[in-house]
Amino acid sequence: MKTIAKLLCGAALAALAIAPASAKDLNKVGISVGLLGNPFFVATIKGIEDAAKKINPKVEVTSVSADYDLNKQVSQIDSFIAAGVDVIMLNAVDAKAIAPAVKKAQAAGIVVAAFDVSAPGADVTVMTNNVKAGEEACQYLVDHTGGKGNYVILNGPASSSILERVKGCKNVLAQHADIKVLSDDQNAEGSRDGGLKVFQSLLTRFDKIDAVFAINDPTAIGAQLAAKQLNRSEFIITAVDGAPDIEKEFASGTSMIKASASQDPYVMAGQSLTMAADVLAGKKPAEPTVLLDPKLITAENLKDYKGWTAAR
């Protein structure tokens, strides 16, 4: 009997040695996104919820909108810590200033997973290759303007995704000496209203524009509204997202917006949650940061595009 007891005791100790000391189950998830009014973030939340329920059908998921306000997002993270969530899914509204909040959550034993944009110190990150998205969107402009002319970049909030899209665009434009960038520092806030307001001002300021790169689809649609209001149509517009509204623009056959480097928010956010659950369970990911390639969507290839609202 003593021999059997010793064997059982040894087996139990071995099991304890194999199981990570910090391993936890996924019971509560908190999500903070940039702006819930953007359908992109609606799709990310759906992706996270579906991925979480595959792991634990009874998981509690709470989602909130930071409205691109850093202080509001920091307060939301404090609330998630107080609520005892296991994972915070973070769409950081500021690429650097969110760092102390991330550290505070991790010190409380919470796994922090970034999606769409990076967050300094996050345990895992999944996002679109935004440099490539900016390159593809602006290469389209170059190809359709003969590599010359007056360009405008409609910029946005200082999140990593937007900074990288603009960087990718400039990588392409810098290869063409006959391209003049009239403006690249105006923050259109990543919204339709912002794109309308900022581009109205730029159209009044500049008499001749050949091409416009907007950092996302809502900004591009706002810019197109501004152009129509001021009876301007001498330029083409490209953007990033592949949103449902852009699909309608391409299908119309009359849009000034000609291409958008698409993202898959459902897959992106869901994959980030799955990786976060692995970390929570004590499994270290082989690569903590995953970049997903964009695909340039136009009127010509729209029929082959599986958009944000497609059945999953």
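Author: Buried means under 20% relative accessible area, exposed over 50%, and partly exposed in between (1.4 Å probe, protein chains only). This is a predicted model, where local features need pLDDT of at least 70 and side-chain atom pairs count only at pLDDT 80 or more, while totals for chains, interfaces and linings use all residues. Residues are numbered from 1 along each chain as its sequence is written, and side-chain values use heavy atoms, with hydrogens and water left out.

Reader: Which residues of α3 are buried?

Author: Gln73, Gln76, Ile77 and Phe80 are buried in α3. They cover an arc of only 100° around the axis, so they sit on the same side of α3. That arc is taken from the directions from the helix axis to the C-beta atoms. The face turned away from the buried side carries exposed Asn71 and Ala82.

Reader: What covers the buried residues of α3?

Author: The cover includes β1 (28–33), β2 (60–65), β3 (87–90) and α4 (99–107). Helices (H or I, at least four residues) and strands (E, at least two) are DSSP runs, numbered from the N terminus. The protein chain has ten helices and twelve strands.

Reader: What lies at the ends of α3?

Author: Asp69 caps the N-terminal end, with a side-chain oxygen 3.0 Å from the backbone nitrogen of Asn71. Just after α3, Gly84 takes a positive phi of about 75°.

Reader: What makes Cys138 and Cys169 a disulfide?

Author: A disulfide is a pair of cysteine sulfur atoms within 2.5 Å. The sulfur atoms of Cys138 and Cys169 are 2.1 Å apart, and the two form a disulfide. The structure holds one disulfide. Both cysteines are buried.

Reader: Why is this disulfide called left-handed?

Author: The torsion about its S-S bond is about -90°, so the disulfide is left-handed. Cys138 lies in helix α5 (residues 130–145) and Cys169 in helix α6 (residues 160–173), so the pair ties together parts that are 31 residues apart in sequence.

Reader: What makes a nonpolar core, and how many residues has the largest?

Author: A nonpolar core is a set of buried Ala, Val, Leu, Ile, Met, Phe, Trp, Tyr and Cys residues joined through side-chain atoms within 4.5 Å. The largest has 55 residues. Leu26, Met89 and Leu154 are among those with the most contacts inside it. Helix α10 (residues 265–280) gives the most to this core, with seven residues. A second, separate core of 21 residues includes Ala137, Val142, Ile153 and Ile162.

Reader: Which residues is Leu154 in contact with?

Author: Contact means heavy atoms within 4.5 Å. Leaving aside neighbours within four places in sequence, the contacts of Leu154 include Gln186, Val198, Phe199 and Ala223.

Reader: Is Asp116 buried or exposed?

Author: Asp116 has a relative accessible area of 5%, so Asp116 is buried. Asp116 lies in the loop between β4 (111–115) and β5 (124–128). Its phi is near 75°, a positive value in a residue other than glycine.

Reader: Why does Glu189 count as partly exposed?

Author: Glu189 has 49% relative accessibility, so Glu189 counts as partly exposed. Glu189 lies in the loop between β7 (179–187) and α7 (192–205). The phi of Glu189 is near 65°, a positive value in a residue other than glycine.

Note on methods
A polar contact is a pair of N or O atoms within 3.5 Å; within protein, one must be able to donate a hydrogen and the other to accept it, and residues adjacent in sequence count only if both atoms are side-chain atoms.
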